Amino acid sequence: MLLAIYLPATLLAICDGLLIPTLPVFAERFGAGLAAVGLVLAAEGLGTLLADVPAGHLVNDMRPRAAMLLGVGVVAAAALGSALAPSLGWLFAARFASGVGMSVWNVSRHALLAAATSRGNRGRTMGVFGGLTRLGSFVGPALGGGLAAFYGLRAPFLLYAAVGAATLALLALVVLPPALRTPPARRTPAGRRAAGRGSPEGSSERRAALASARRDLINAGGAQLLGQSVRAGRRVLVPLYATQVLGLDVGVAGLIVSVSSLADMSLFYVAGMIMDRFGRKHAIVPSFLLQAAGMALVPLAGGAYGLAGAALVMGVGNGISAGTMMTLGADLAPAGAVAAFLGRWRLVGDAGFVAGPLVVGVVADLLGLGPSALAIGAVGVGAAGWFAFGVPETLRRHAATLTRPR
C-alpha cells in the first residue's frame, strides 16, 4: 500500500503544491488580463469536473495499475506541456489536460483504497492518505517558490514532469496484492458474469448498482457539497482578509496560512481513529462546526494574532476531517460499480471546491469580507447539521451487515 498509493500520492501532492505560487505569475507573463489568468487558474479544476464521471466508468473497467498509470502519465505530460507553453492558450490546454489526468488518478486510487480496506480500518487508511496530501500542500508552495526564484518560472513545471515520470516507473514496478489486480467491475460475481458476456460499460448490472445508490449519492453528496465549499472557501478567505482588511503583508499572511496548515496536517491519524472507533459522523460533524466557528471569529480579528487564532481553529477542524469524504464515499459505493460511483461522488465534491471561492467572492463584492466569512460559516453549520441529522452512520450500518448471519 505504501508504494502503490501513499508514496505516489505524496509525490504528486507536493508537485501540485509547486504550482500554487508560480502558476498565476507564469500566466501573467504572457501579457493577458486578470480574467484570462483566472481562466487558466481554473482550467485544471474544470478538466477534473468534466472528467470525473467518465473517469469513474473508465476506471471501473480497467486494471488498477493501468488506470493509475494512465492518470499519472497524462498529468506528467501536461506538466511538461505547461513548461514548454509558448502561449496562454497552450497553457490553458495543458492545465485542462492535467485536470483530466488528475481525475483518472483520483478515482483510481480512491477505488483501490476502497478495495484494499475493510470497514474497521478504512477511516485510518483514508485519514493517513488525507494527511499525506495535506503534507504536499504544506511543502510544495515553498519549494516551488524557491525553484522559480533561482531557476525561473518554468522550473517547477519541469520538476513536476520529472517527478511524474519517476512516479510512473514506481507504479509500473510495484507489486499489487492479487485481489487488487482485477478491474473493480469484475470483483463481484455479477461483474464477472457481465465481463464474460462482453458487456459494455453501460451494462444493466452497473446501472442497477448505481440506481440502488442514487439516494445515498444525492443525500450524502449534498452534505458533501456544502462541506467542501467550506474547505475551499477557507483557503481563499483567510489570505484575502489578512491583506485587504487587516493590511498585513503577503509574508505574514503566508505565515498565518502555514500555521493553520500545520495544525491541519498533524491530526490525520486522530481523524482516522475517530472514524473507525466511534463512527464517521463523530469526525465529520465536529469538523465543520469548528470550521464554522473559526469563520465566525474572522470578522472579530483585529490583527495578525487574532486572525491566526481563527485560522488555527479552522485548521484543527479541517484536520479532524482528514479522509472523511473519501471514507464516506467508499462506504456508500455499491459493489460492481465502485469506481463509477466514486466518479460521481468526486464530481460533487469537486463542485463544492469550485462553489466555495465563488461564494466568498460574490458575498465579499456585495457586503465585504467580514460578512463573507459569516456566510461561509453558515454553510459550515448547514453541512454539520445535514451530516448529523440527514446522513446515516455508515460504520454502524456496515458493521451490522457484516455480522448478519448468512
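What is the mean pLDDT of the protein chain? The mean is 84, and 89% of the residues in the chain reach 70 or more.

**Confidence**
- Confidence in the protein chain is highest in helix 13, at 95, and lowest in helix 8 (residues 189-196), where the mean is 52.
- Over residues 398-406, pLDDT stays under 50, and the model has 3 contacts for them beyond four places in sequence.
- Where pLDDT is low, the predicted coordinates should not be read in detail.

**Helix 6**
- Helix 6 (residues 122-151) has 30 residues, which at 1.5 Å a residue should span 44 Å; the C-alpha atoms at its ends lie 42 Å apart, in agreement with that value.
- Helix 6 has a kink of about 30° at Gly-140, shortly before the proline Pro-141.

**Helices 13 and 14**
- Two packed helices are described by the angle between their axes and the distance between the axes.
- For helix 13 (residues 281-297) and helix 14 (residues 304-319), the axes come within 7 Å and cross at roughly 170°.
- Because an angle over 145 degrees counts as roughly antiparallel, helix 13 is roughly antiparallel to helix 14.
- On the helix 13 side, the contact includes Ser-287, Leu-290, Gln-291 and Gly-294; on the helix 14 side, Ala-310, Val-313, Met-314 and Val-316 are among the residues met.
- The residues of this contact between helix 13 and helix 14 divide into 7 nonpolar, 5 polar and no charged.

How values were computed. Residues numbered from 1 in each chain as written. Predicted model: local features only at pLDDT ≥ 70, side-chain atom pairs only at ≥ 80, totals over all residues. Heavy atoms only, no water. Axes fitted to C-alpha atoms, helices over the stretch in contact; angles between N-to-C directions. Helix = DSSP H or I, 4+ residues; strand = E, 2+ residues; numbered from the N terminus. Parallel < 35°, antiparallel > 145°, perpendicular 65-115°, else oblique. Contact = heavy atoms within 4.5 Å. Nonpolar A, V, L, I, M, F, W, Y, C, P; charged D, E, K, R; others polar. Expected span 1.5 Å × (residues − 1). Bend = angle between axes of the 7 residues up to and from the residue. pLDDT = per-residue confidence, 0-100.
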